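Thanks for asking me to look through this one. Here are my notes, with the structure placed first so that you can follow along.

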Amino acid sequence: MSDSENDNSDERTAGDKHVPLHERRRPWWHWQRLTGSRPRLGVTMGVIGVVAGALLGGAGVAWQAEAGPFADDRACWGAFGQDDAAALFEGRTGGKADVKSSEVPITSDRTGAEGSSGQCLLTADGSRITVQAHQLDTRFGGAGDQWADEFLSARLTPLGGGLLGMASDTRAWLAVPDGCIGRPRDADVNGGPTVIDMATGWTIYDDEVGTEAPDRLARAVVRLVNHYMAEKGCTGTIADPTGRMPEPPRFLDEQKDAMCGVKGLPLPRGYGSGSLGRTLVTRGAGPVRTCDRRVLFHHPELRLMTVEDPRLAMLYERLSRDGAKDPVKAGDQDGYGFVRDDMGMFQAECQTGPVTFLIRADSARRPADIRTLLPRFVAAEADRIGCGPLHITVPAKG
Amino acid sequence: MKKLLGGARRRAALVGGAVVVLVAAGAGTWATDTWPFDGKDSYCWGAWKEDSGPGFLSREALDEDNASRTSKETAPTPRRQRGRCTVSLHSERFSSDGDKVVEKTEVTVDYGPAPESAARRMEWIGGYLGDRAMPLPDSLPGVSDGRSGLLVLPKGCDTHDGRPTAVTLDSTAESVYSDSTMPGDAGLGGSPSVARLLVAVANHAMEKAGCAPDQPLEVDSPVLTLPESRETFFTRACRIRGLELGEEAEDLAYQVGPVTRDLQSCSVRQVRGDGRYFDALMVAEPRLSALFDGATGSKAPARGWRGTGVFADTYKVVRADCAGRPFTVLMLAPSLHETRPYFAAFANAVARRVGCAPVAPVAPGGSDR
């Protein structure tokens, strides 16, 4: 040690006053000037070590804190990593997508009257995916029916396994399990379930629905709900549903006596097959069976729908009791309903809870068909889901 | 180092080696958090650990004055297929007006076969499966309402006479004031948490009893559906045709539990005092259904009934085939001397819902309603 101390003092004077000519020509940072002697080498190595250590340490801290260049660009409230987000755009953009995201955190307003809500938008090369977390609004005039239009369309397939959720090639939704946030109560102003849904745009409606895209969206929506539950501190993880999901919906080759595949429901005149558009029907057992006929821009000319899950049927509770239309007659305590020129519905009180039977046309051109179809549709579907016998009569057109 | 170490050096090396081993072991346990003396207690045959989730196992539960958590347990053995464990919490606090309040919580787990006596067994089944109990996640053969629960164990744990063995969990909680006692929350953490408590304790008990399956029972999924709220304004109970209770319904409330292919319950209670009017239950899930084995008689309970059954003073039970599965309906009531056909109405309405032939005799002309 003492040796090197001596060396050091010697060298410092030498370095300052007797730098050899060939060294002076070199800039101070030249490696030969920096390492020209043992002490100098030591000082240089020390400085390099400290700098390197500081960099490494700082990087480590940054990595730990997920800051700076190590910031984890997780999208949609932290549920998706970059790769997950890119995978969602698979087939929509060429190669691996560079996904940008922006989001509004999931919060509830001060009174809690609107439930929790939040949004997340993913974009890549002109494609976009919209993710929403919200409590479905059951109020008349609320978003319920409009949401149902898109997210309960016949293109979607139930996720199965008792889950309250569905997926198609462009839409997916899943309710947060009751065990985590409680069951929605009909006493609430908007007693709908809290769902996370995704929309990836539009498809040509006449295309068959494959399995790949619905599987991808089903997994994504399960991941979003699992992440939401974990953030809430709830126990349990929903398993990948894709193995047990029913087949995608099929285009029906309708029989004359089984409109929408419902036995005993005769096809009205003028609804024959082979004309414009095709008829698509949901498969699987609940929560919803939808039959969409002749769809244009996601709007079916005629929809026949059975909403079996009581938490979802709540979306139609208020509408069914709207007395301004012609109410239908049913057995005492069997339920409520009405018909009008473009719509007929019955909200049944089944053993499982409220069940909605709905027939809706995009125009009021064929009011007689709705009046003819509704009682038969309700009777046949009620039998299928175990809510029969259910007989309703429609008032004469006055 | 080539020479053998001398005495002093060898001692130093030994001590040094021991220190190194201890430090390494300590570092290991610290890193993996497996210190054997972490001061955390465990209960019910090692199934539940202190601070592992639910409130009654938390450290905070002991923060109050004079707080203690004690447990008693008797483990099942291969020779004795019964076990019980109890975790008790006791704490004292002073209310805002200076009164002393004693908080008492007790959580009890029982391991053992379904009761042998038919009457006691029906009461036992109805107590766990009725009212607000909902099925456990992951298709486990059990139920929970968040305060209590039942899990039927695999066939390997059945008794010699074929009764299934079950793990049950019960809880009580009360706040004792100087002049009154109020019911409280036992801090089990709701039905998702009870499902996990049941599965953990079932796995440990089966290990002790020597009937553990190759793969331990598991619960991963969340609880998807909770029961609807109690209904007090009604005349038709549980939306079931034929359960029109008329004016009597004014003082009653009904609670619908699960309504699935596996399980359905409808409980009607007095609004005041919560006394039972009746509890109606349908069980088709195979392992839950096995709880009734040997207690549903050998012939039809009365003329016109399908399957076998027993009409006793406090219960009526009937079992019939439904699409290849046993379909069992049970009604419990303080006294079934009443002649109103609620049981028959329930049995046939539920049979119809799941797509089966009627179980009770159908009145002529009344088949549709």
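The numbered points below go from the chains to their contact, and then to individual elements.

1. A word on the model first: it is predicted. Chain A has 11 helices and 17 strands, while chain B has five helices and 16 strands. In chain A, 38% of the 398 residues are buried; in chain B, 41% of the 369 residues count as buried.

2. On contact range, I looked at pairs with a sequence separation of 6 or more. Residues 24 or more positions apart make up 56% of such contacts in chain A and 55% of such contacts in chain B.

3. How many residues does each chain bring to the contact between A and B? Chain A gives 24 residues and chain B gives 24 residues. On the side of chain A, α7 (178–181) and β15 (343–350) each contribute at least two residues, and α7(A) has the largest share with three residues. Sorted by class, this side of chain A holds nine nonpolar, 11 polar and four charged residues.

4. Seven of its eight residues are buried, so β15(A) is largely enclosed by the rest of the structure. With strand β14 (residues 335–340) of chain A it pairs in the antiparallel sense over six bridges, and A:Phe338 stands opposite A:Met345 there. The two strands β14(A) and β15(A) make a hairpin with two residues between them.

5. The next strand along continues the pattern. β15(A) pairs with strand β16 (residues 353–361) of chain A, again antiparallel, over eight bridges. A:Met343 has A:Arg360 in β16(A) as its bridge partner. Here too there is a hairpin, with two residues between β15(A) and β16(A).

6. A loop position in chain A deserves a glance: A:Pro248, which lies between α8 (212–232) and β8 (250–251) of chain A. Is this proline buried or exposed? A:Pro248 is buried, because 22 other C-beta atoms lie within 10 Å and the cut-off for buried is 20 or more. Leaving aside residues up to four places away in sequence, A:Pro248 touches A:Thr157, A:Val209, A:Gly210, A:Thr211 and A:Pro214. A:Thr282 is 34 residues from A:Pro248 in sequence, yet their C-alpha atoms are 7.4 Å apart.

7. Now to the nonpolar core. The largest one has 182 residues, and A:Val221, B:Leu151, B:Val201 and B:Phe346 have the most contacts inside it. Helix α3 (residues 190–209) of chain B supplies the largest share of this core, 11 residues. As for B:Val201, its contacts beyond four places in sequence are B:Cys44, B:Ala47, B:Trp48, B:Val109 and B:Val167. As general background, nonpolar side chains tend to be buried together in soluble globular proteins.

8. Chain B also has an open sheet of six strands, in the order β11-β12-β13-β16-β15-β14, with antiparallel pairing. β11 (252–259) and β14 (308–311) of chain B are at the edges with a single partner strand each, so one side of each has no neighbour in the sheet. From one strand to the next the twist averages 10 degrees. β12(B) and β13(B) pair over seven bridges in the antiparallel sense, and B:Val268 stands opposite B:Phe278 in β13(B).

9. Which helices pack on this sheet? One of them is α2 (residues 118–129) of chain B, which touches β12, β13, β14, β15 and β16 of chain B, its direction making about 95 degrees with that of β16(B). Another is α5(B), touching β12, β13, β15 and β16 of chain B at about 150 degrees to the direction of β16(B).

10. Last, α5 (residues 342–353) of chain B itself. At 1.5 Å a residue, its 12 residues should span 16 Å, and the end C-alpha atoms are 16 Å apart, which agrees. The buried residues include B:Phe346, B:Asn348, B:Arg352 and B:Arg353. Their cover includes β12 (263–270), β13 (276–283), β15 (315–322) and β16 (325–332) of chain B. After the helix comes B:Gly355, with a positive phi near 85 degrees.

Methods. Residues are numbered from 1 along each chain as its sequence is written. Chains are lettered from A and ligands numbered from 1 in the order in which they are written. This is a predicted model: local features need pLDDT of at least 70, side-chain atom pairs count only at pLDDT 80 or more; totals for chains, interfaces and linings use all residues. A nonpolar core is a set of buried Ala, Val, Leu, Ile, Met, Phe, Trp, Tyr and Cys residues joined through C-beta atoms within 7 Å. A residue is buried if 20 or more other C-beta atoms lie within 10 Å of its own, exposed if 12 or fewer, and partly exposed in between; C-beta atoms are placed from the backbone. Helices (H or I, at least four residues) and strands (E, at least two) are DSSP runs, numbered from the N terminus. Two residues are in contact if their C-beta atoms, placed from the backbone, lie within 7 Å. The expected span of a helix is 1.5 Å times one less than its number of residues. Ala, Val, Leu, Ile, Met, Phe, Trp, Tyr, Cys and Pro count as nonpolar, Asp, Glu, Lys and Arg as charged, and the others, Gly among them, as polar. Two strands pair if DSSP finds at least two bridges between them. Axes are lines fitted to C-alpha atoms, for helices over the stretch in contact, and angles run from 0 to 180 degrees between N-to-C directions.
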